[in-house]
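Hi everyone, thanks for making time today. I'd like to walk you through a structure that may be new to you, so please take a look at it with me.

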Amino acid sequence: MKIASWNVNSLNVRLPQLQQWLADFAPDVVGLQETKLEDHRFPEDALLEAGYRSVFHGQKTYNGVALLARHPIAAVQSGIPDFADPQARAIAATVNGVRIVNLYVVNGQDLGTDKYDYKLRWLDAVHGWLAEELKAHPHLVVLGDFNIAPDDRDVPDAAVWNDDHILTSSAERSAYQRLLALGLHDGLRLKHDDAALFSWWDYRQAAFRRNLGLRIDLTLVSDALKAQVQAVGIDKTPRSWERPSDHAPAWVELRGQAQLLQ
DNA sequence: ATGGTTGTTATACAA
């Protein structure tokens, strides 16, 4: 069972690339972020033609998340329960007995800004939510654009991306570690120790060509799923296409779910 | 990073 996360930076612009990538990579489940579409504009029919059901939680211009799956999608939760949020940044559902939580974590702009405070409050709400999700669903995958680079392997220059920098600050990384402490594991680090396995590259300054990126798109798996992780990676292919998203898909493959996929 | 690029019911703002 291949489960992926992709920040498409406008599904309206990226739909042809998403269709191509679904055909090439054939994931079973995909969490999308930054769809930037109101729900009535979501391309549900085009994705059905590609073989994927979808559930979505969007808004005009900004944010927007969705889950796509080749198989039935159950128990959909849009937004963080009991957390009033005008921004569409979270959606969860169950597919083949695996609970999937898809997050578009707040960027936070800069330390000391209102957006940074919102990011930390938002992550605190996610912490409470995931604690409940884990109780109800031990087989949990949490994926998305975390807008946090977990450690120094995940940045090109740790002197620049330091404790006082957005996406790597100590408060952000502590909030991320608090999520892991619930009983979650960074899927990629179960299989790879390498530095510079990035998932996002700025559009500016030829950052992709120079591999000046960050690893901020993550696939976390719960304790109960850890032994089922077969492979994990980041598919840089779509980032090399014409007019790409600035993010590449991050994916995790679980074994032992194949019989459920029939 | 003071810039740079991309997206949006844009022409500032978010990333």
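I'll talk about the annotated domain, then a pair of helices, then a pocket and a cavity.

Before anything else, please keep in mind that this is a predicted model.

Let's begin with the record. An unreviewed UniProt entry carries the annotation "domain: Endonuclease/exonuclease/phosphatase", and it places that domain at residues 4-247.

Now, the helices. How do α3 and α4 pack? Their angle is about 10°, and their axes lie 10 Å apart. Angles under 35 degrees count as roughly parallel, so α3 is roughly parallel to α4. If you want to find them, α3 covers residues 114-136 and α4 covers residues 170-180. On the α3 side, the contact includes Tyr-116, Leu-120, Leu-123 and His-127. On the α4 side, Ala-171, Glu-172, Ala-175, Arg-178 and Leu-179 take part. By class, this contact has 8 nonpolar, 1 polar and 4 charged residues.

Helix α3 also leads us to the next stop, the largest pocket, where α3 and β11 (213-214) each supply at least two lining residues. How much space lies in the largest pocket? About 900 Å³. The lining has 37 residues, and those closest to the centre are Asn-107, Asn-147, Leu-167, Trp-200 and Arg-204. Sorted by class, the pocket lining holds 14 nonpolar, 13 polar and 10 charged residues.

Finally, the cavity. Searching the whole structure turns up 1 cavity of 30 Å³ or more, and the largest cavity has a volume of about 40 Å³. The cavity lining divides into 6 nonpolar, 2 polar and 3 charged residues.

Definitions and conventions:
Residues are numbered from 1 along each chain as its sequence is written. Chains are lettered from A and ligands numbered from 1 in the order in which they are written. This is a predicted model: local features need pLDDT of at least 70, side-chain atom pairs count only at pLDDT 80 or more; totals for chains, interfaces and linings use all residues. Side-chain values use heavy atoms; hydrogens and water are left out. On a 1 Å grid over the protein atoms alone, a cavity is a set of points where a 1.4 Å probe fits but cannot get out, and a pocket is an open set with protein on both sides within 12 Å along at least five of seven lines; lining residues have an atom within 4 Å of a point. Grid points are joined across faces, edges and corners, and a volume is the space filled by probe spheres set on the points. Helices (H or I, at least four residues) and strands (E, at least two) are DSSP runs, numbered from the N terminus. Ala, Val, Leu, Ile, Met, Phe, Trp, Tyr, Cys and Pro count as nonpolar, Asp, Glu, Lys and Arg as charged, and the others, Gly among them, as polar. Axes are lines fitted to C-alpha atoms, for helices over the stretch in contact, and angles run from 0 to 180 degrees between N-to-C directions. Angles under 35 degrees count as roughly parallel, over 145 as roughly antiparallel, 65 to 115 as roughly perpendicular and the rest as oblique. Contact means heavy atoms within 4.5 Å. UniProt positions are given in the numbering used here, feature names are shortened, and annotations may be inferred rather than shown by experiment.
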